[in-house]
Amino acid sequence: MTELPLAGVRVLELGGIGPGPFAAMLLADLGAEVVAVTRVDDSPGADPLAQGKRRVPLDLRNPDGVAAALDLVSRSQILIEGFRPGTAERLGLGPEDCWRHSPALVYGRMTGWGQSGPLAATAGHDINYIGLSGALHAIGRAGQPPSVPLYLVGDLGGGAMFLVAGVLAALHVATATGTGRVVDAAIVDGAARLMTPAFAALAAGDWVDERGVNLLDSGRPWYDVYETSDGKWMSVGAIEDRFYAELVRVLDLPAEFACRDDPAGWPALRAVLAERFAARTRAEWERIFTGVDACVAPVLSLAEAPHHPHLRERGTFRDGHAPSPYRDGPPAPVLAPRITAAPVPASAPRITAAP
């Protein structure tokens, strides 16, 4: 088996919920040895973010607990903490404290508002951070309130993913220089960064600062979801002309819908698309669109997704017989992304001198 890329890297996780532990889990997926410091009174129940980690209960309000944490620091290359700004320093576990025990330590800080700014010490959650960044305002249908996108845009997308990218980049530098780094990962920063294409399109006049009226926010009939006859849904993303032409062909749309350049015709196009999809079940539409480049796919539930043939063949989810952090419900998603090594080249031919 190919060795995972972070094999030999030790990560210490201190405090925090959600994005910090998720980031540490991703590092564990990549081969890092992760030690999660937990409260002494924490229940070790089924925690999906604890997979691949070793739990060490410590009382960080007690000097002995702090000393034990610093001993773990001395054997770590990465630390991830999710306290409010200033808390780690008050505990004696801030960057300066830790660098005395591990000078090349990468110190990853996961917060909602960041380590500085007027809101740094204020409580908040995913919905607040994406609200301030502009992301929440942009998500939803025309004329409707903003739609809450679970915890995907803020905690995980704007938080955990940027933290992982930051600590791995900092680890590269710290390993080369022997000098530690601090990674200030703020969900509000990451969520705003995720909106870069929208801000750029807005500046260029290609985006309207309203919900549900743009190309990728359900503002176009060919980029939306449609209900089927059995109350399920199909997703349509026929952005490019060639994919849209396939959509028109398969659905046998009237000739006037072959051209979609005039926005005045979009309400009628949306209505006929809704009518077509409502005429068959989701399973029927899935069969019809199989192998067709129209960018149409079923909308699967959490219970259904692990059993789709494509995801089963790729092994995107653990099957029901493999270990899972869940007691009930669907199998757990597996490591992503997948990293493989280049083939080992054949030995160069041996050249010998003529006798």
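Predicted model: local features only at pLDDT ≥ 70, side-chain atom pairs only at ≥ 80, totals over all residues.
Residues are numbered from 1 along each chain as its sequence is written. Local features need pLDDT of at least 70, and side-chain atom pairs count only at pLDDT 80 or more, while totals for chains, interfaces and linings use all residues.

**The sheet**

Three strands form an open sheet in the order 7-8-9, with antiparallel pairing. Strands pair if DSSP finds at least two bridges between them. Helices (H or I, at least four residues) and strands (E, at least two) are DSSP runs, numbered from the N terminus.

| Element | Residues |
|---|---|
| Strand 7 | 223-227 |
| Strand 8 | 233-237 |
| Strand 9 | 296-298 |

Strand 7 and strand 9 are the edge strands, each pairing on one side only. From one strand to the next, the twist averages 25°. Strand 7 pairs with strand 8 over 5 bridges. There, tyrosine 223 stands opposite glycine 237. Helix 11 (residues 266-277) lies across strand 7, strand 8 and strand 9, at about 40° to strand 7. Angles run from 0 to 180 degrees between N-to-C directions, and axes are lines fitted to C-alpha atoms, for helices over the stretch in contact.

**The helix pair**

Helix 1 (residues 19-29) packs on helix 7 (residues 152-177) at an angle of about 50°, with the axes 9 Å apart. The two helices are therefore oblique to each other; angles under 35 degrees count as roughly parallel, over 145 as roughly antiparallel, 65 to 115 as roughly perpendicular and the rest as oblique. In helix 1, the contact residues (heavy atoms within 4.5 Å) include Phe22 and Leu26. Their partners in helix 7 include Leu156 and Val164.

Definitions and conventions. Heavy atoms only, no water.
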